[in-house]
Amino acid sequence: MGLNENGKRIADQYDEIENEADIRSALKLPASGELRGVLAANGYEAFCVCKTTRRKYRKNDFIIDLDAVDYSDFSYSLGEIELLVNEKFEIGGAIAKILEFAKAYNLTIAPVRGKGVEYLKRKKPEHYRALIAAGVVEETP
């Protein structure tokens, strides 16, 4: 997580796993079988269902994702500016570049809740509070 000079969260860092083989490997699941069934057989279950419509843009090395999420009984929108790095030591520089990019385009940088965390906050507040108490999630306005 990137912090500003006041110690406030300004950026998150993720190792995104995007293909099924890597997901299976990360979760130590068998390489064969229909993924949904394999997940269920290993004790994983869905805690929410949502449909995300993503608009993806690129400007130089920056990737801008604009997501509209439909949870059937409420919706949520968020935007992200991403700059991919190959090595962990590049993260600080990437955060600085993202902040410069946002400033150049008069974009507001503010913490937002991810899609899953937003669902928990609205629909399962006890779970959300437990994640905050455990330090897994940071409270955002």
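Helices here are DSSP runs of H or I with at least four residues, and strands are runs of E with at least two, numbered from the N terminus. The views come from a predicted model, in which local features need pLDDT of at least 70, side-chain atom pairs count only at pLDDT 80 or more, and totals for chains, interfaces and linings use all residues. Residues are numbered from 1 along each chain as its sequence is written, and side-chain values use heavy atoms, with hydrogens and water left out.

**View 1. Gly-135 sits in the segment after α5 (125–133).** Gly-135 counts as exposed because its relative accessibility is 60% (exposed is over 50%, buried under 20%, partly exposed in between, with a 1.4 Å probe and protein chains only). From Gly-135 to Glu-100, 35 residues apart along the chain, the C-alpha separation is 29 Å.

**View 2. Here is helix α3, residues 91–104.** Buried in α3 are Ile-91, Ala-94, Ile-95, Ile-98, Phe-101 and Ala-102. Looking down the axis of α3, these buried residues fall within an arc of 125°, so they line one face of the helix (the arc is that of the directions from the helix axis to the C-beta atoms). On the other side of α3, Glu-100, Lys-103 and Ala-104 are exposed. Just after α3 comes Asn-106, with a positive phi of about 55°.

**View 3. Meet the aromatic cluster of Phe-47, Tyr-71, Phe-74 and Tyr-119.** The structure holds five aromatic pairs (rings of Phe, Tyr and Trp, its six-membered ring, with centres within 6.5 Å; planes under 30 degrees apart are stacked, over 60 edge-to-face, the rest tilted). Tyr-71 and Phe-74 are stacked, because their ring centres are 4.3 Å apart and their planes at 15°. Both Tyr-71 and Phe-74 are buried.

Note on methods. Expected span 1.5 Å × (residues − 1).
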